[in-house]
Structures are given as C-alpha cells and as structure tokens.
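Please open the structure in a viewer and keep the selection tool at hand.

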Amino acid sequence: MTVLLTLAILLLIAIAIWQMTKIFELSQINAEVSQVATDKDNKYNGILMFVFLIFIYGITIFSFAKYSKTLLPVAASEHGADYDQLMWVSFAIIFFVQTITQALLHYFSYRYRGKKGNKALYYADNDRLEFIWTIIPVIVLAGLIIWGLYTWTNIMDINDEDDPLIVELYAQQFNWTARYGGADNVLGEANVRRIDIARANILGIDETDPNATDDVIAKELHLPVGRKVNFKFRSQDVLHSAYMPHFRAQMNCVPGMTTEFSFTPTITTADMRQDPDVIEKVKRTNAIRAKRAAAGEENSDPWEFDYILLCNKICGKSHYNMQMKIIVETEEEYNAWIEGQQTFAQTMAMQ
Amino acid sequence: MSEHEHAHTDHHEDDHGHHHHKETFITKYVFSQDHKMISKQYLITGLIMGIIGIAMSLMFRLQLAWPGESFPILETLLGRWAPDGVMDADMYLALVTIHGTIMVFFVLTAGLSGTFSNLLIPLQCGARDMASGFLNMISYWLFWLSSVIMLISLFVEAGPAAAGWTIYPPLSALPLAQPGSGMGMTLWLVSMAIFIASSLLGSLNYIVTVINLRTKGMSMTRLPLTIWAFFVTAIIGVVSFPVLLSAALLLIMDRSFGTSFFLSDIFIQGEVLHYQGGSPVLFEHLFWFLGHPEVYIVLLPALGITSEVMSTNARKPIFGYRAMVASIIAIAFLSTIVWGHHMFISGMNPFLGSVFTFTTLLIAIPSAVKAFNYITTLWKGNLQLNPGMLFSIGLVSTFISGGLTGIILGDSTLDINVHDTYFVVAHFHLVMGISALYGLFAGVYHWFPKMFKRMMNKNLGYVHFWVTAVGAYGVFFPMHFVGMAGVPRRYYENTAFPMFDELTDVNILITIFALIAGAAQLVFLYNFISSIFYGKPTEQNPWKSNTLEWTAPIEHFHGNWEGAIPEVHRWAYDYSKTMPNGEYVIPGQDFVPQDVPLKENEEELHH
C-alpha cells in the first residue's frame, strides 16, 4: 500500500512537472504574447473559480462523510453535554457562513470575469451595507460570547460542594501518576524537594503530614461514576497538559504551582464499550489491527475501548507516548479497588 | 499639514540629482541603502528561508503519514538524525520547531512585510527613499545575520532547538529535559534577539517614512490600503516585539546565569534544581503578548496587498475604504489585548479567560467587515484574473475558512477540548499561514515588474495558483477532523493510541496533498528565477494601476523619480470612474492615476 502510494505521488509529480514544462514551452513559442491576463485567461480562470467552489463543497462533504465517524464519541462527563451542544451550535453557524461567503466570493469571481469592453461599476461605499455586516456579527457573537462565558464560568467554578473526590494527577517525563486523598479525602503536603527515590517517595510527599498517611498512589486512574472529581495537577519537570478528551477536560500541569479542573464522569467504561458508535469504532480499528497482524507488523493486538489521559503539551522526546488509562466504574467497584491499594504509610513502612 | 508636506516636496526637488554619484558593486548590490534593492534582498532571503521551512514540513509529513517507514531521502538530508531513513523523535520535534520559527518570523514577517514595506512605502507615498536608508540597510543585514545563525543552529552537535516555536520553559531552559535545549536553543535565542532588533529598526523607519515623507497632496486618507496596512503593522511590531526580546533575555538569564524568572520546583534526572519562585506562566504571557500581535503582523500586510491587487484587477474601487482603514486599526488595537486566548488552560485565573474570550470574539467583527468588503469589491467588477488576482481571491477564501474556526478556539469553553490538537494547527495554517503566503505570492506576481523590470510568466502562475489552492485545502480541511478526534499536535507518531489508528488514512491523504502543493512551489521558483533573467520586459504600468509606483520609470535609480516627485490629487481607487455624461474620466481609459488633477465637473468622493 505504502509503496503504491509513494509511486502514485511520484507519478503525479512527474506528470505535473511534464505538463508544466509543456505549458512553459508553449508560452515560449509565443514569446510576444502579453503576460497580462487576456479575455481567454479571464474566461478559463473564471470557470475554474466556479469549479473550485464545487471543490471546496466537495472536500467538505467528503470529509464529513468519511471522517465524522472518527470523531470522539458522546461526552462522558456532566459538563461535556453542554460543551457538545455549544460546539454543535457554533459549527452550525460556521458552516452556514462558510457556505454562503465562499459561494459569493467564487461566484462573483466567475460571474464578473473580465471581458474587453465591459465596464465595472464605480461603487465605493454604502454605509447601510457596512452597518448590516457589522451589526449581524455583533449580534451573533454577542450570543456566542454570553453562552460561552456562562458555560465556562460553570465549568471552571471548582468548589467543594457535593463531596467531590480529590485526586492529584502528577506529571513527569514521560508518565502520569495518580494520588487519592484516601479515607480522609485530603491530600498530604508534597513538594519536589522531598522526593526520595531511594525510599520510593516519588511524589515528594511529606511523610510527617498526618493527611498523607492514607494517601493512595496509583498508575491507573479509577473514578466512580456520578461523583464529582476535583483534580489537582502538578508537574515535576516541564510543562505537561492533562488531556482527557472523552470527558472534554484539559488542564496544563505547571512546575511550581498546582492547577485544578473538575468534572463528574457520567458513563462507566463498561457502558461506553456498549455505545453503538464505540462498538463500530472498535470494530473498524481492530480490522486495521488484524490486517497489521496478518502482515506480521507490530502494534497489532486487538484493542478494547478505554478512556485515556494523554499529554497535550510538548514535553520532550517521548511526548507522543505519555498516557494513563482511565477507568470509570460503579461506586462499589471503585471502593473495592481502592480498598485493595496500599496506602502511602504502608509503602513507606515496607522500605 | 499641506504646507508642511509642500516643504518636503521642495526639499526633494532640490536634491533629486543626488543619485548620480558613482556606485560600486558593493554599494549597489550588497550594502545598498536603496529601498528597492533592500526589498529584493528581503524577498530573496525570505524565499530561501521559505524553501527550507517548507522542505522541513514535507519531511515531518512523511513521518506522520508513514511512521517508522524508511525514506532514504531523510537519511540523505538529516544524516545521523535519521538512521536507516527513519526520523529520530528528537529530530521530529526540532523540525516542527524550526519550521514554525522560520515560517512565522523569517518568511512571513521579514520576507513579506520586509519586502513590500520596503518596496512600496517610498514608492506609493511618493518619497525618494526611506527616512533613513542607512538604518534600513542595517535592518536587512541584521535580518541576514539572524537567518544565518538560525541556519547554523541546525548543525550543532545536540541538535537545534526542539521545544516548539513557542519555546515554553522549563523544556526550553533545561538541556536535561531535551538535548535541543542546549547550544541549539542558545543559538535560537541569539538569532531571535538579532531578528527583533532588525524588525524594530525596519518598523521605526516605516512609521517615520509614512508620517513624514508623503508627497504633496498625499493625505492619510488618500494612502493606498497597502500603506495603511504596513504602517499599522509597523506600529504593532514596535509595541509588541520588545516584549518578546525581554522574554528571550530573561530566558537567557535563567538558562545561563541561574536566575529563576520562569522556573521553580524542578526535579529532573534524579536531582532537584535550585530554581525557586519563577513561573512558566509568566513566560507564556510575555511570549503571547508578542505572539498574538505577530499573527496580525503577518496577516495585515497580506490583507493590504490583497486590497490593492484586488481593486486594481477588479477595475473597481475597493469597497468601503474608510471601513477598511477602521478595521485595520481595530484589528491592530484588539490584537494587543487578546493574547490570553492561547492560555485558557494554562492555569491562569479562569476570570482572565472570560475577559480574553470577550476581546477575542470581538476581533471577528472587523475581520468580517473586511471579508464582506472584499466580496463586494468583486461584485459587478470587470475582473482581470491575473495570477496576483487569483492569489488575492484565494486569500479571502482561506481567510474566511480559517477565520471561522477561530470562533471555536477563541471561546474559552470550546477551546478546552481542541486546545493544542490538530484543530488548532489546521486553523492557524489556513488563516495566517496560507493566507499570508497567498498575500506574499499576490505581491510578488503583482510587483515583480516593478522590482525586476520584467514580467513573470502568467501560465506558470496559473498552474502555481491552482495546484497550491487545491493542495492547501486538501491539507488543512481534513486536518480539522484529526484534531476533533483528539489527536494532539507535536506527536512524533500516533501509534501509541489505538483510538487514533483509523486516522492514519487521513494523515496519508494530507501528506499526499502536501507533497503536491510543495511540488507546485517549484513551478513558482522556476518562474521567479527564469523571469528575472528571461522574462518579457515590462511596460511602465502593466496592470493599469493608479498608485504612484507605476508613475516612476521602469529603470531603477536611487531617488525613484527623474525630476519632481508627482503631486497627488485624488485617492488611489478611481477605477472605472465616470463623469456625469457616462464617459470615463479620461476617455478610453478605465483608470485615473493619483497624480492626475481633478477634471472640471468631476465629483470627488470624500477624498
């Protein structure tokens, strides 16, 4: 496949160059020909402008038809639904404006292509038109701004109401660690200056802080469904960004400060795997992977859907592979899981 | 004001003969103080940097479409950075970084604004040269020096800067975090500091020239929109570039002298570093205080060029001249107070996010006005579809397509999930990358006769435009979908996430379009170089344009006009203007150059 595509590209480039030299040769023969557009040039390029409009619409329709299914599945968080709705409305406006303005631009380019003897209209100003296309964007944007800011304020209002689960996401080149507040749901103090690799205190937790003793450190992010989670983000080296696309959530991790984000997961991993879109996506992906397996290539194990945490701020060589699995489960499953984890005090005691 | 201008004109009439002194090869072609030669130097340096920048993008497109595949060409070009033809992950990041730096600063700032501000400000204002030819020369040579240093940085042992063109610390500050943050980043910072000095010298010169050296009758409201755009661009440059310089200097201090402006609480490779109290977010603020206006520093000159080229080739006045000027000023003003929309999720106070959402979406209003005015300029025109005109129309198209998605990214809420994904890459490449490149091409095709006394081949120009136009949309339209599927930018490969497997197809499609569009640029290069030597000799005013540069003789000499500088009697857009009896103002000619006095009975429209 790859070889074929490469050959196709090379062939296309060769054809393009061949055609171009031919065009140039032809233009050399008529060296006296003016290099300013003639009526014939205007005609052909005007028609091409119209064809190009069809191309723009075509590639839009093609992309939607072919790639819509690759987009993220339904939002798995409470605010995600609001997010998706605002996104949908914004896109509707964008496509409406795009369709109309591109049509006008390219149609006019075609319709008013120059011809000797034609007279352009001397039309320099019209205050009413200017007013119309100032005020319409003002109204539409005012609507979008107000809606957007309302949603933003709600999302970013991080508070302790509704007994949120407190989770720290800790970033370093090139992996993630999660820390839970434990039984008291309070995180112990921590600072990079307390990191003690020899004693496996990799997060720099203050061993004397009583809040820290029951903290739980994990390499998988387990979240109970339906309970608000307040995330605290830290980084020990460079900027990272905790990106959880399925939850429409993202926040940078900044060395020297703690950043926050909060959301309530609404769909468990198990339920998400039953979502028709997700089932289809997994099926398509595994078909690709099966093909790879047949060809004896790597990275071909069958895939099962999981929520994922990605790094989305350039952080160095392995930035492209800095990830952690997120598991959303029922309250009982979550409790059972966290019971089975060692607390920070237990880990330290073993040293 | 007019008396003041009169004095200037007199002064110039007195010394117009001063170009007759003997010029050596060095003073004419190398250390030239003539703005026309300097503009050619900017253009050619910018194009060479452009070739390198675009070639880099094609290399990493190969990696993105066919990760892990061996391409012998990569080994040839990258040597030990692509063992067996497979690009190294550090090299991938370096290529992305240098591609961004070169395209934004060296091609689209210096190559576009430097070229055409230098060429057109004196010629269209009616001045014999820039206010200071000497500073202008220094400005170019500093640009040249910064280009050379940037290119040298590609060859250092540990590799060039690789922290992204935004060089956020701590990644850019710590060689422990990334090999490119050693000597490569030092050279990057030195190169950019020199570049900023060059840009400031140039901008101050442009501002002074526009304010002081306009010819008699050339009031501000008679200036062509090109000059308005260059003038306002220069002002934003002077306001915002110094902030980037201070950011770069502080970063140099953090890197080399142990200060902690941007660094705090860092544990890396088994040791705690001494830095305490700094904040990377501060760097983000300083960087984007330039970084966002920079977008408009790139784009406004392209829009100015489009206004001029479109009006000339539509044989119609630009629609809504005053609204266009107001939009340029509004965009410039707003551009300095929107930088925070790059930082919605940086950890800064969410209330600031609200403020920046508000100002950012406001900027859509003057942008919309400009787009509609361009479309109306085409309406009922007599469009001469020269290559320059095609690129101008193309610019409006990509400006709309790319600008509209800005509504998503400028909205702090919607930004959360598309921030730093390929959606952003698609957005800004269309709205500032491709649009500004189209502006550059429009300018080159349109003013080539003025610069090189010959015409470019139009048929090759048509091939260049149409292949590029298809390629540009082919690359960047599908890319929005990659971003909305959640693929982060600056990933060496997407193979670590099975959820991205089915996007490999899209990446292959994008790369194929990129290679085709890249090949089309070779047509342009061939046309450009061969036309310099073998192009058809031009007439004095090939596009039948109104602006002053076409009243100057084809032959170049220091001083631009033999004899007196023409006096201006009207605005630049009297195309197809008719007298009350329905005849053109000059019978048989659909344009009235700016130096033609008003006729009897002729109505002057607000200028």
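Begin by selecting helix H8 (residues 225–257) and helix H10 (residues 321–335) of chain B, which pack at an angle of about 15 degrees with their axes 10 Å apart. The model on display is predicted. An angle under 35 degrees counts as roughly parallel, and H8(B) and H10(B) are therefore roughly parallel to each other. Their crossing is right-handed.

To see the contact itself, show the side chains of B:Leu225, B:Trp228, B:Ala229, B:Val232, B:Ile235 and B:Ile236 on H8(B). Facing them on H10(B), the contact is made by B:Met324, B:Val325, B:Ile328, B:Ile329, B:Ala332 and B:Ser335. By class, the residues of this contact comprise 11 nonpolar, 1 polar and no charged.

**Second stop: H9 and H16 of chain B**

Next, select residues 280–314 of chain B, helix H9, together with residues 422–452, helix H16; their axes come within 8 Å and cross at roughly 40 degrees. That angle makes H9(B) oblique to H16(B). The crossing in which H9(B) passes H16(B) is left-handed.

On the H9(B) side, the residues in contact include B:Val295, B:Leu299, B:Ala302 and B:Val309. On the H16(B) side, they include B:Met432, B:Tyr438, B:Gly439 and B:His446. The residues of this contact divide into 13 nonpolar and 5 polar, with no charged ones.

Now move to helix H12 (residues 364–378) and helix H13 (residues 387–404) of chain B. How do the axes of H12 and H13 cross? They come within 10 Å and cross at roughly 150 degrees.

Select B:Ser367, B:Ala371 and B:Tyr374 of H12(B), then B:Val396, B:Phe399, B:Ile400 and B:Gly403 of H13(B), to display the contact. These residues divide into 5 nonpolar, 2 polar and no charged.

**Fourth stop: where the chains touch**

Colour the two chains separately and look at the contact between them. It takes 124 residues from chain B and 110 residues from chain A. Which helix gives the most to the side of chain B that touches chain A? Helix H17 (residues 458–484) of chain B does, with 15 residues. The side of chain B that touches chain A divides into 78 nonpolar, 31 polar and 15 charged residues.

Turn to chain A and colour it by its domain assignment, which gives domain 1 (40–114 + 148–156) and domain 2 (165–350). The C-alpha centres of these domains of chain A lie 35 Å apart. The contact between them takes 11 residues from domain 1 and 17 residues from domain 2. The side of domain 1 that touches domain 2 has 6 nonpolar, 3 polar and 2 charged residues.

**Sixth stop: backbone details**

Most residues other than glycine have a negative phi, and most peptide bonds are trans. The next selections depart from that pattern.

Select A:Asp162, in the loop between helix H4 (127–156) and S1 of chain A. A:Asp162 has a positive phi of about 60 degrees although it is not a glycine. Is A:Asp162 buried or exposed? A:Asp162 counts as exposed, with 8 C-beta neighbours inside 10 Å.

Then select A:Arg248, in the loop between strand S6 (240–244) and strand S7 (249–253) of chain A. A:Arg248 also is not a glycine, yet has a positive phi of about 55 degrees. A:Arg248 is buried, with 25 other C-beta atoms within 10 Å.

Staying in chain A, display the peptide bond from A:Gln173 to A:Phe174, which is cis, with omega near -5 degrees. A:Phe174 is found in the loop between strand S1 (165–172) and strand S2 (175–180).

In chain B, a cis peptide bond joins B:Pro169 and B:Pro170, with omega about 0 degrees. B:Pro170 has its place in the loop between helix H6 (133–152) and helix H7 (183–212).

**Last stop: B:Leu605**

Finally, select B:Leu605, in the segment after helix H18 (504–534) of chain B. B:Leu605 is partly exposed, with 15 other C-beta atoms within 10 Å.

How values were computed
Residues are numbered from 1 along each chain as its sequence is written. Chains are lettered from A and ligands numbered from 1 in the order in which they are written. This is a predicted model: local features need pLDDT of at least 70, side-chain atom pairs count only at pLDDT 80 or more; totals for chains, interfaces and linings use all residues. Axes are lines fitted to C-alpha atoms, for helices over the stretch in contact, and angles run from 0 to 180 degrees between N-to-C directions. Helices (H or I, at least four residues) and strands (E, at least two) are DSSP runs, numbered from the N terminus. Angles under 35 degrees count as roughly parallel, over 145 as roughly antiparallel, 65 to 115 as roughly perpendicular and the rest as oblique. A crossing is left-handed if the near helix is turned anticlockwise from the far one by less than a right angle, and right-handed if clockwise. Two residues are in contact if their C-beta atoms, placed from the backbone, lie within 7 Å. Ala, Val, Leu, Ile, Met, Phe, Trp, Tyr, Cys and Pro count as nonpolar, Asp, Glu, Lys and Arg as charged, and the others, Gly among them, as polar. Domain bounds come from an automatic or database domain assignment. A residue is buried if 20 or more other C-beta atoms lie within 10 Å of its own, exposed if 12 or fewer, and partly exposed in between; C-beta atoms are placed from the backbone.
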